[in-house]
Amino acid sequence: MKLPLEELLYLRLGEFLDQLHGRKVPELYRVLLDQVDRAVLRQALERSEGQLTAAASFLGVDRNTLARKVKRL
């Protein structure tokens, strides 16, 4: 059975947070968003065979925006 992406993320995030055993992670929200961004960028770049322009088009973002995100992450 396929679950909607939001539900899959919710379940995996719960598992990840459980593994922290209550430990504090500085800037946890930023860390989580960066992880999601990395996964999205990896998928887009793999599906476009590393072509930044094609990946940006696939994601519906400007090429320069995507290039900045790739560089930052």
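A salt bridge is a side-chain nitrogen of Lys or Arg within 4 Å of a carboxyl oxygen of Asp or Glu. The views below are close-ups of a predicted model.

**Figure 1. Arg-72 and Asp-34 form a salt bridge.** The closest N and O atoms of this pair are 3.0 Å apart, which places them within the 4 Å that defines a salt bridge. Arg-72 lies in helix α4, which covers residues 63–72, and Asp-34 lies in helix α2, so the pair ties together parts that are 38 residues apart in sequence. Arg-72 has a relative accessible area of 46% and is therefore partly exposed. Asp-34 counts as buried, because its relative accessibility is 12% and the limit for a buried residue is under 20%.

**Figure 2. Asp-34 also forms a salt bridge with Arg-30.** In this pair the closest N and O atoms are 3.1 Å apart. Asp-34 and Arg-30 both belong to helix α2, where four residues, or about one turn of the helix, separate them. Arg-30 is partly exposed, with a relative accessible area of 37%. Through their salt bridges, Arg-30, Asp-34 and Arg-72 are linked in a network. The structure as a whole holds four salt bridges.

**Figure 3. A salt bridge joins Asp-37 and Lys-69.** The closest N and O atoms of Asp-37 and Lys-69 are 2.9 Å apart. This pair links distant parts of the chain: Asp-37 is in helix α2 and Lys-69 is in helix α4, 32 residues apart. Lys-69 has a relative accessibility of 29% and so counts as partly exposed, a class that lies between the limits of 20% and 50%.

**Figure 4. The largest pocket is lined by residues that include Leu-9, Arg-12 and Leu-13.** About 680 Å³ of space lies in this pocket. Of the 18 residues in its lining, Leu-9, Arg-12, Leu-13, Leu-32 and Val-36 are the closest to the centre. Two elements, α1 and α2, each give two or more residues to the lining. The greatest share comes from α1, with ten residues. Rolling a probe the size of a water molecule over the atoms shows where empty space is left.

Figure 5. Three helices each supply at least two of the patch residues: α1 (5–19), α2 (28–47) and α3 (52–59). Helix α1 gives the most, with three residues.

**Figure 6. The loop between α1 and α2 contains His-21 and Glu-27.** What is the phi of His-21? His-21 has a positive phi of about 50°, although it is not a glycine. Glu-27 likewise is not a glycine, and its phi is positive, at about 55°. Is His-21 buried or exposed? His-21 counts as exposed, because its relative accessibility is 67% and the limit for an exposed residue is over 50%. Glu-27 also counts as exposed, with a relative accessibility of 61%.

**Figure 7. Leu-45 and His-21 are 34 Å apart in space.** This distance runs from C-alpha to C-alpha, and the two residues are 24 residues apart in sequence. Leu-45 lies in helix α2, whereas His-21 lies in the loop between α1 and α2. Leu-45 has a relative accessible area of 22% and is therefore partly exposed, whereas His-21 counts as exposed.

Notes: Residues numbered from 1 in each chain as written. Predicted model: local features only at pLDDT ≥ 70, side-chain atom pairs only at ≥ 80, totals over all residues. Heavy atoms only, no water. 1 Å grid on protein atoms, 1.4 Å probe; cavity = no way out; pocket = protein on both sides within 12 Å on 5 of 7 lines; lining within 4 Å. Points joined across faces, edges and corners; volume = space filled by probe spheres on them. Buried < 20%, exposed > 50% of the residue type's maximum accessible area, 1.4 Å probe, protein only.
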